[in-house]
Amino acid sequence: MTTTCVMALLLLWACPVDPYRTHSDERKDPEPSRDQMGTKNHHQDARSREVRECQRCCDPGEESPHKYQHYPQYQIVPQINITLLKGEKGDIGERGPLGKLGRAGQSGPPGPNGLKGSKGSLGLPGESCKSYFAAFSVARKKGLHSNDYYQTLVFDKELVNLYGHFNMFTGKLYCYVPGIYYFSLNVHTWNQRETYLHVMHNEQEAVILYAQPSDRSVMQSQSLMLQLERDDQVWVRLFKGERENAIFSDEFDTYMTFNGHLFKPKQEL
């Protein structure tokens, strides 16, 4: 189709056509004779004289000067539609390099809330709730006097020892459940003697229990709370004998007691 249109345009361009022809040209007579030519020249000279006398061309009886005017001939110049010569679409070229990132735009408004999702599957059962306990209460029925060394106060009567956390042979509590513990110590002083003891946390003195020498023997007590970690130790120590130091007791009554229990485990802090 494209080739046919091109050939038609080339034929039009090669064959000139007379596009403009008036009816007066069709009615023209054959070439005039000499007499006619002389008469025509005579009339043309007369008209030239009349023109010099500035007469109007539109006066009656005068012929229009444009009556015998010849018009130029025109030739058709073919115009080729370039779109008809357009070739087929070529292949896609290679992709160019990635350009630089533009500036970040402003964040848009939040979108509408989505639909509520379906209920999830049931999870695995967790561990059962565990309760932690630790408690002890021990006593001593024998009095004790100081010597040249520190002495660990060992108790000879077990009142309460939950899970065996208090060792009766060493006189120490061994912590198996970390947390906060409450302790209390009760002793009976010896008249005319000084009473001087420490509640120990590992190898550090936590609190002191002290009573000055007196003519009377009285009950003395001390209490405290400690935060223990696993394998910590708590025990009672009698001060060494720089001065006469003693605690009283007998085999008939119980005067000395050492108590402790877990107040709150570490997992709950």
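Trainee: Which residues do ring pairs link into a cluster?

Mentor: This is a predicted model, in which local features need pLDDT of at least 70, side-chain atom pairs count only at pLDDT 80 or more, and totals for chains, interfaces and linings use all residues. Residues are numbered from 1 along each chain as its sequence is written, and side-chain values use heavy atoms, with hydrogens and water left out. Rings of Phe, Tyr and Trp (its six-membered ring) pair if their centres lie within 6.5 Å; planes under 30 degrees apart count as stacked, over 60 as edge-to-face and the rest as tilted. The cluster linked by such pairs consists of Phe-136, Phe-155, Phe-166, Tyr-181, Phe-183 and Phe-258.

Trainee: How many residues apart in sequence are the parts that Phe-136 and Phe-183 tie together?

Mentor: The two rings form a tilted pair, 6.2 Å centre to centre with 50° between the planes. Strands are DSSP runs (E, at least two residues), numbered from the N terminus. Phe-136 lies in strand E1 (residues 135-140) and Phe-183 in strand E7 (residues 179-189), so the parts tied together are apart in sequence by 47 residues.

Trainee: Are Phe-155 and Phe-258 buried or exposed?

Mentor: These two form a stacked pair, 6.0 Å centre to centre with 20° between the planes. Buried means under 20% relative accessible area, exposed over 50%, and partly exposed in between (1.4 Å probe, protein chains only). By that definition, both Phe-155 and Phe-258 are buried.

Methods
Helix = DSSP H or I, 4+ residues; strand = E, 2+ residues; numbered from the N terminus.
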